[in-house]
Amino acid sequence: MNPPPNQTIADSVAPLPPNEISNDPALAKLRIHFDTGKFGPPVELVHAYFDFWPTGVAVSSEGRIFTSFPRGNETFTLAEANTATTEVPFPDQETNTPPAFVNATNAGFSIATEKLILVQSVVIDGKDRVWALDVGRPRVNGSTLLATTPGGPKLIGFHLNGTRFTTITFPSSVVAADSSLNDVRIDLRGDGFAYLPDSSPQRPGLVVVNLRTGQSWRHLDNHPSVTVQVDLISFHNGVPTYVHPPISPFAVTAFNRFAIDGVALSPDGEFFYYAPLSARRLFRIPTSFLKVQPSAINPNAIILANQAVLDLGDVGSHLNGLESDDQGFIYLTAPEHNAINRFNPNTGLIEPFVRNPFIQWPDTLAVASLKSGNFLYFTCNQLWLSPDYQNGTDLRTKPYAMFRVPIEGGKANQL
């Protein structure tokens with residue numbers, strides 16, 4: 001019988017260095033099996049971040065690169081890469097400059113504004129337009145997130161020339177004060193729908209938006225598939241990672257900060273894939289259940305959606321970035337392995353795709369179809385070494401990085 005494919009793609013043999021061998025000469029030339037730390041296509045560095053640490057990445061059909069930064073002391077939160085090592089605010093600095101961050105009449109809350117507060121995610125849709133997800137919760141003192149005010153969290157659409165074509169805000173019944181919207185996927189079929197995970201551990205769930213009407217609703221609230229694994233201990237570069245928070249009571253915890261995080265749509269738009277960051281499992285649900293707005297007209301919508309969730313199993317690493325291509329593969333970040341794997345819906349198996357020691361916390365993924373070929377772009381931000389996890393000390397090393405790797409499939413345009 002043939003062995004499983006790809007089982008030894010990261011393996012090799014070589015003699016050990018002299019200082020790692022005993023004095024017995026019989027051992028000196030032995031070739032010992034070891035892990036190379038690499039497999040898959042070549043990794044190409046395409047951008048280095050020397051100022052702000054990145055989360056989102058999106059690439060237009062002409063190769064323009066857009067990116068986002070969580071807002072703390074950053075002077076802008078949505079940007080375009082203008083050189084290999086610098087970024088400029090998109091669409092401009094004025095749009096990235098709200099009148100304030102702290103609500104003057106309600107301490108602890110942010111403000112309502114058309115300006116950008118904290119853009120967590122940026123994507124390019126099938127019409128080559130930019131969508132920015134503004135969480136509406138800026139960071140203060142390096143770690144604390146202000147609560148949202150309705151009109152702060154929003155989904156904004158821009159043409160590539162910077163003209164805004166839509167702004168969608170959310171009622172407090174959909175996005176609460178302690179909600180934490182994390183990512184977005186856009187499907188332009190029919191009315192058009194947007195899917196936004198709420199990764200708040202207090203109220204994990206999924207926000208669905210009808211892009212034609214602007215109406216929004218929630219699904220999967222506190223469903224087991226969207227919640228954190230409370231005792232998760234993650235490993236990065238072989239080291240177990242606990243959370244050492246820089247705020248009271250300074251109690252060390254498991255790696256259980258974020259609920260539903262990474263999301264992707266199948267290329268035909270029929271399935272929505274998702275995973276909590278603080279867990280190692282992948283799930284999917286038919287989008288037909290999510291498009292039904294819970295109401296007196298559809299009183300069973302929540303129950304039916306909850307029953308429709310399919311657990312696709314353990315994926316071997318916690319993961320926070322998902323993306324699909326037009327062949328149906330679902331790419332999965334694997335921060336615990338310095339890798340990106342992919343789920344094959346035809347076989348139901350997780351397949352190795354790319355692994356490299358320079359992939360230090362792959363965060364967000366984006367597929368781009370360019371004249372030069374198809375590529376998977378991804379940001380790496382060393383998140384587990386950031387002050388939130390390391391008792392207020394920043395152990396990351398600049399520059400942060402954006403890489404790309406060639407792929408067979410192209411962009412799933414969701415048109």
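# Close-up views of a predicted model

**Figure 1. The largest nonpolar core holds 27 residues.** Within this core, Val-57, Val-59, Ile-65, Phe-255, Tyr-377 and Met-402 touch the most other members. Six strands, β3, β4, β6, β28, β29 and β30, each supply at least two residues of the core. The largest share comes from β28, with three residues. A second, separate core has 18 residues. Among them are Val-226, Val-263, Leu-290 and Ala-305. The model shown here and in every other view is predicted. In soluble globular proteins, nonpolar side chains tend to be buried together.

**Figure 2. Val-59 and the residues it touches.** Which residues does Val-59 touch, not counting residues up to four places away in sequence? They are Arg-64, Ile-65, Ile-124, Ala-368, Leu-370 and Tyr-377. Val-59 is one of the core residues that touch the most other members, and so are Ile-65 and Tyr-377.

**Figure 3. Four strands form an open sheet in the order β3-β30-β29-β28.** The pairing is antiparallel. The edges belong to β3 and β28. Each has a single partner strand, so one side of each is left without a neighbour in the sheet. Neighbouring strands are turned by 20 degrees against each other on average, direction ignored.

**Figure 4. β28 and β29 form a hairpin.** Two residues lie between the two strands. Strand β28 covers residues 362-370. Seven bridges join β28 to β29, and the two run antiparallel. Leu-370 stands opposite Gly-373 in β29. Leu-370 is also one of the residues that Val-59 touches.

**Figure 5. Strand β29 is largely enclosed by the rest of the structure.** Why is that said of β29? Six of its eight residues are buried, so the rest of the structure largely encloses the strand. Strand β29 spans residues 373-380. Six bridges join β29 to β30, which covers residues 400-406. These two strands run antiparallel. Phe-378 has Phe-403 in β30 as its bridge partner. Cys-380 is partnered by Ala-401 in β30.

**Figure 6. A second open sheet has the order β24-β25-β26-β27.** Four strands make up this sheet, and the pairing is antiparallel. The edge strands are β24 (322-324) and β27 (349-355). Each of these pairs on one side only. From one strand to the next, the twist averages 30 degrees. Three bridges pair β24 with β25 (residues 330-334) in the antiparallel sense. Here Glu-323 stands opposite Tyr-331 in β25.

**Figure 7. Phe-52 and Phe-76 make an aromatic pair.** The model has 16 aromatic pairs in total. How are the rings of Phe-52 and Phe-76 placed? Their centres are 5.2 Å apart and their planes stand at 75 degrees, so the pair is edge-to-face. Phe-52 lies in the loop between β3 (44-49) and β4 (57-59), and Phe-76 in the loop between β5 (65-68) and β6 (78-81), so the pair ties together parts that are 24 residues apart in sequence. Is Phe-52 buried or exposed? At 15% relative accessibility, Phe-52 counts as buried. Phe-76 counts as buried too, at 9%. Ring pairs link Tyr-49, Phe-52, Phe-69 and Phe-76 into a cluster.

**Figure 8. Two arginines lie over aromatic rings.** Arg-257 lies over the face of Tyr-389, at 5.9 Å from the ring centre. Arg-404 lies over the face of Phe-375, at 3.8 Å from the ring centre.

**Figure 9. Phe-109 sits in a loop.** The loop runs between β7 (87-89) and β8 (119-124). Phe-109 is partly exposed, with a relative accessible area of 25%. Which residues is Phe-109 in contact with, leaving aside its neighbours within four places in sequence? They are Phe-101, Val-102, Asn-103, Leu-146, Ala-147, Thr-148, Thr-149 and Ala-177. Phe-343 stands 234 residues from Phe-109 in sequence. In space, the two are 40 Å apart, C-alpha to C-alpha.

Key. Residues are numbered from 1 along each chain as its sequence is written. This is a predicted model: local features need pLDDT of at least 70, side-chain atom pairs count only at pLDDT 80 or more; totals for chains, interfaces and linings use all residues. Side-chain values use heavy atoms; hydrogens and water are left out. Two strands pair if DSSP finds at least two bridges between them. Axes are lines fitted to C-alpha atoms, for helices over the stretch in contact, and angles run from 0 to 180 degrees between N-to-C directions. Buried means under 20% relative accessible area, exposed over 50%, partly exposed in between (1.4 Å probe, protein chains only). Rings of Phe, Tyr and Trp (its six-membered ring) pair if their centres lie within 6.5 Å; planes under 30 degrees apart count as stacked, over 60 as edge-to-face and the rest as tilted. A charge sits over a ring if NZ of Lys or CZ of Arg is within 6 Å of the ring centre and within 35 degrees of the ring normal. A nonpolar core is a set of buried Ala, Val, Leu, Ile, Met, Phe, Trp, Tyr and Cys residues joined through side-chain atoms within 4.5 Å. Contact means heavy atoms within 4.5 Å.
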